[in-house]
Amino acid sequence: MWTFIHRLASPKHFYHLAGRMIPWFAWGCALLMVAGLIGGLWFAPPDYQQGDGFRIIYVHVPAAWMSLFIYAVMAGASAVGIIWKIKMADIIAACSAPIGASFTFLALVTGSLWGKPMWGTYWVWDARLTSELILLFLYLGYMGLQAAIEDRQNAARASAVLALVGVINLPIIHYSVVWWNTLHQGATVSVFGKDDIATSMLIPLLLMGLAFTLFYATIVLMRARTAVLEQERRSQWVRELIKSL
Amino acid sequence: MSSWSEFIHMGGYAFYVWTSYGLAMVVLVANVIAPWRARKQVVRMLHRRVRREETK
């Protein structure tokens with residue numbers, strides 16, 4: 001196990017391992033997404049209150065899940081990078097940010113498009129929506145810091161601190177619908193306890209959630225591989241690899 | 001769903017549903033294209049470097 005982690009932390013091994021994993025993740029993502037879309041848009045019955053409008057759930061909820069999940073990965077990798085000075089962890093954190101930002105944006109916009117017909121407004125300044133918007137700003141701030149600081153180590157350290165401070169926002173987003181009175185409905189799916197949704201509606205949602213997770217895995221590995229090539233450009237193995245490409 | 005027209009119509013929510021899915025598609029495609037192009041660019045840059053150093 002430890003040797004595996006050690007090898008993973010080595011950019012060269014990471015580069016090759018990621019290269020082998022990407023096609024599996026990508027195909028898994030594509031298959032699950034097709035299944036999830038067919039199930040969600042065609043086979044799932046219309047909601048008894050929201051009719052077919054509820055089908056926005058199949059992009060909105062997975063996008064919102066990913067906005068939180070990717071932030072958690074980013075913060076975790078940042079912590080590992082700070083504590084153990086592992087370059088690969090810094091790379092994973094930095095490569096996660098733009099993906100997380102795009103999913104946060106998608107969650108906000110699809111939520112807005114869902115809110116209009118159901119609540120009568122595109123936007124309200126309530127706890128869930130506002131804390132999710134803050135999450136978008138955290139991602140953008142992180143990316144801004146990365147871009148603004150020339151020295152790579154300083155950039156990694158500064159943005160890692162920001163990422164870790166921002167972790168406080170994650171439980172706030174998650175529990176916002178419980179702690180505050182809000183227009184946003186409560187959780188549909190919960191790990192512990194009974195889900196608040198019919199099985200034929202739930203399965204496509206879980207498929208889409210898994211598909212989005214694999215999508216993130218695919219994209220973050222693609223980005224990280226390129227970052228490895230760039231950072232290790234002086235090493236012998238990259239030079240030989242480049243010659244063979 | 002029992003017919004294509006019902007599917008397109010989305011019970012009157014067509015605008016909201018299809019705009020959401022359209023945007024999701026745009027976000028996913030952009031996420032695929034960006035690292036693709038970045039990789040091409042980096043490989044091209046490194047290629048030039050290696051060649052330059054070898055002719056020296």
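Lys243(A) and Glu54(B) form a salt bridge, with their closest N and O atoms 3.0 Å apart. This pair crosses between chains, running from helix α9 of chain A to helix α2 of chain B. The model is predicted, and the structure holds five salt bridges over all chains.

**The interface between chain A and chain B**

- The contact draws 39 residues from chain A and 34 residues from chain B.
- Together the two chains bury about 3400 Å², and 72% of this area lies on carbon and sulfur atoms.
- Two salt bridges are found across the interface, and seven residue pairs are in polar contact between the chains.
- On the side of chain B that touches chain A, the elements giving two or more residues are α1 (4-9) and α2 of chain B. The most comes from α2(B), with 27 residues.

**Salt bridges involving chain B**

- Lys243(A) counts as partly exposed because its relative accessibility is 43%, a value between the limits of 20% and 50%.
- Glu53(B) meets Arg239(A) in a salt bridge with an N to O distance of 2.6 Å.
- Glu53(B) also meets Arg49(B), at 3.8 Å from N to O. Both of these residues lie in helix α2 of chain B, four residues apart, which is about one turn of the helix.
- Glu53(B) has a relative accessibility of 29% and therefore counts as partly exposed.
- Through shared partners, salt bridges join Arg239(A), Arg49(B) and Glu53(B) into one network.

**A salt bridge within chain A**

- The side chains of Lys87(A) and Glu232(A) meet in a salt bridge, at 3.1 Å from N to O.
- This pair links distant parts of the chain, 145 residues apart: Lys87(A) is in helix α4, while Glu232(A) is in the loop between α8 and α9.
- Lys87(A) is partly exposed, with a relative accessible area of 46%. Glu232(A), in contrast, counts as buried because its 14% falls under the limit of 20%.

**The largest nonpolar core**

- The largest nonpolar core has 81 residues, and those with the most contacts inside it include Phe14(A), Tyr58(A), Phe103(A) and Leu229(A).
- The elements giving two or more residues to this core include α2 (11-43), α3 (57-84) and α8 (199-231) of chain A, together with α2 (14-55) of chain B.
- The largest share of the core comes from α8(A), with 17 residues.
- Beyond residues up to four places away in sequence, Tyr58(A) touches several residues of chain A, among them Gly40(A), Pro204(A) and Met208(A), and also Tyr21(B).

- Asp126(A) lies in the loop between α4 (87-119) and α5 (127-148).
- Asp126(A) is buried yet has no salt bridge; the nearest side chain of opposite charge, that of Arg128(A), is 7.5 Å away.
- The side chain of Asp126(A) does reach the backbone nitrogen of Leu129(A), at 3.1 Å. A polar atom of this side chain also lies 3.3 Å from the backbone nitrogen of Leu183(A).
- Leaving aside neighbours within four places in sequence, Asp126(A) is in contact with Thr182(A), Leu183(A) and His184(A).
- Asn169(A) is found in helix α7 and counts as buried, with a relative accessibility of 6%.
- Beyond neighbours within four places in sequence, the contacts of Asn169(A) are Ser131(A), Ile134(A), Leu135(A) and Leu138(A).

Key:
Residues are numbered from 1 along each chain as its sequence is written. Chains are lettered from A and ligands numbered from 1 in the order in which they are written. This is a predicted model: local features need pLDDT of at least 70, side-chain atom pairs count only at pLDDT 80 or more; totals for chains, interfaces and linings use all residues. Side-chain values use heavy atoms; hydrogens and water are left out. Buried means under 20% relative accessible area, exposed over 50%, partly exposed in between (1.4 Å probe, protein chains only). Lys and Arg count as positive and Asp and Glu as negative; His and the chain ends are not counted. A salt bridge is a side-chain nitrogen of Lys or Arg within 4 Å of a carboxyl oxygen of Asp or Glu. A polar contact is a pair of N or O atoms within 3.5 Å; within protein, one must be able to donate a hydrogen and the other to accept it, and residues adjacent in sequence count only if both atoms are side-chain atoms. Contact means heavy atoms within 4.5 Å. A nonpolar core is a set of buried Ala, Val, Leu, Ile, Met, Phe, Trp, Tyr and Cys residues joined through side-chain atoms within 4.5 Å. Buried area is the accessible area (1.4 Å probe) that two parts lose on being put together, summed over both.
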